[in-house]
Amino acid sequence: MSVLVAVLWGPVYAAVLCGVAAVAVAYATTRKPELWHLAAGTGLCAAGVLAQAFAYYLILRDGSLGPHGSAAVLFLLGLQFFLHGRKVRRAAQLTLSALRRHREENGLLRAAEPLGERRPGARRVPFAMTSVFGAVVSGLGSLFLCFTLLALRDLLTTGDNPWWASLVVAALCAQAVLFIGLGNTILRTGVQYYDTVVSSPDDLAGRQYVLYLRSFRDDHRLSRPHRIPLAGAWLAAAVSLGQGEEERIADALSWVGPLVGVGAPGERVPRAGARRMYLPPDDWQRPVSTMMRGAALVVIVLGKGPGTLWEIREAMRILPPERLLLLVPMKEKAYDEFRELAGDLAPGVLPAYRRSRALSSRVRGIIHFEPDWTARFVALRRPPPLEDPLVGSLDRAMWPAMVRLTELELERRADGRRGEA
């Protein structure tokens, strides 16, 4: 890489790159606190974004991709920095989790094991071809964005412009967003085609897992990346390859086990996040009840569907309160409507809504239960700036529920040892 940079930009830039690489190697081979890793990942993401922005600036200034395509090389380097920094941030966020540390100290944290198998059925397009095609389409979107910047520069610096010049710039910008969004969608779909699914509830016997239940109508909302401030969720879904909210929920609950959910009937590919299991539409309640009994924790996302109400009542009927957790993906008005619809959920009653500083997440709070089924609403609060907003806030909000669940599991372990003795 240093040789390539020396050829394109000169020895000074190559020396700077070597210095950055030396610092990175020294950092990677030294044990540092988790916050340092989180800061390092954030720095890599920021460096990647700045490198891509600088590449666009060079294109806008010079009116071309530069000698030997140097601006394009800089853009690709920035993209690699960003993607690697995101991986470092995710690993550091999981290591930073107080829930995981507490479970590990009590000997309850289990290593991740492979779960599920590839979904049966023909795969018409190989994953490698899908990745290449998605990358090419995204690259075309970036190229259209370059054309947009060049056209915008000419529009702002030239005094006499035809009336249709602004329409051309707008059309180029729309094409850039369209191609980037389409390319990212192809990349995400290609990955999902090769995701694993759980064949039947029997595959979960003897395993520790989290059962994730929600209304199928919420799948689309919870699978999208976080909102971009002042832009909206649609733009985030179009131009971002970031994790969706369901993937972040899976990370936040990984201290218990892998997330397992029931897939929507007729779904072509499983969504990223929970491992999907597909059940017959006319006979889903019995296997769901069976999986509830075998799950280490049952997480239900509140929704207005009748299936969600049945799942909450069934979980309260067969589970101890420590093994049930409710996620609230709604604002106060919608939550109050849900409380009226649900009525009195025996043996517990849903608590009043608690407001907090809004996150970019759709999940606003969690509900956990005391041993006597008294429900507690915990509003999500913003974590420190470097942390993932949803994972960090869930990690703190679930602390009381995790402590009671850990105590319950330790008591069962002690009873099992006494029984063997």
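Helices H12 (residues 306–318) and H13 (residues 332–342) pack with their axes 11 Å apart and at an angle of about 65°. Here helices (H or I, at least four residues) and strands (E, at least two) are DSSP runs numbered from the N terminus, while axes are lines fitted to C-alpha atoms, for helices over the stretch in contact, with angles running from 0 to 180 degrees between N-to-C directions. The model is predicted: local features need pLDDT of at least 70, side-chain atom pairs count only at pLDDT 80 or more, and totals for chains, interfaces and linings use all residues. Residues are numbered from 1 along each chain as its sequence is written, and side-chain values use heavy atoms, with hydrogens and water left out.

H12 and H13 are therefore roughly perpendicular to each other, on a scale where angles under 35 degrees count as roughly parallel, over 145 as roughly antiparallel, 65 to 115 as roughly perpendicular and the rest as oblique. Their crossing is right-handed, the term for a near helix turned clockwise from the far one by less than a right angle (left-handed if anticlockwise). From H12, Leu309, Ile312 and Arg313 meet Phe338, Leu341 and Ala342 of H13, where contact means heavy atoms within 4.5 Å. By class, this contact of H12 with H13 has five nonpolar residues, no polar ones and one charged; Ala, Val, Leu, Ile, Met, Phe, Trp, Tyr, Cys and Pro count as nonpolar, Asp, Glu, Lys and Arg as charged, and the others, Gly among them, as polar.

H12 also packs against helix H11 (residues 285–294), the two axes coming within 10 Å and crossing at roughly 45°. That makes H11 oblique to H12, and the crossing of H11 and H12 is right-handed. On the H11 side, Gln285, Val288, Ser289, Met292 and Arg293 meet Trp310, Glu311, Glu314, Ala315, Arg317 and Ile318 of H12. The residues of this contact between H11 and H12 divide into five nonpolar, two polar and four charged.

Buried stands for under 20% relative accessible area, exposed for over 50% and partly exposed for values in between (1.4 Å probe, protein chains only). The side chain of His368 makes a polar contact of 2.5 Å with the side chain of Arg404; such a contact is a pair of N or O atoms within 3.5 Å, and within protein one must be able to donate a hydrogen and the other to accept it, while residues adjacent in sequence count only if both atoms are side-chain atoms. Not counting residues up to four places away in sequence, His368 touches Leu324, Leu325, Thr374, Ala375, Arg376, Val378, Pro400, Ala401 and Arg404.

The loop between strands E8 (365–369) and E9 (375–379) holds Trp373. Trp373 has a positive phi of about 70° although it is not a glycine, and at 11% relative accessibility Trp373 counts as buried. Another loop residue, Gln208, lies between strands E2 (196–198) and E3 (210–213) and is buried at 18% relative accessible area. A polar atom of the Gln208 side chain lies 2.8 Å from the backbone oxygen of Val256.

Across the protein there are 15 helices and nine strands, and 42% of the 421 residues count as buried. Among contacts between residues at least 6 apart in sequence, 73% join residues at least 24 apart.
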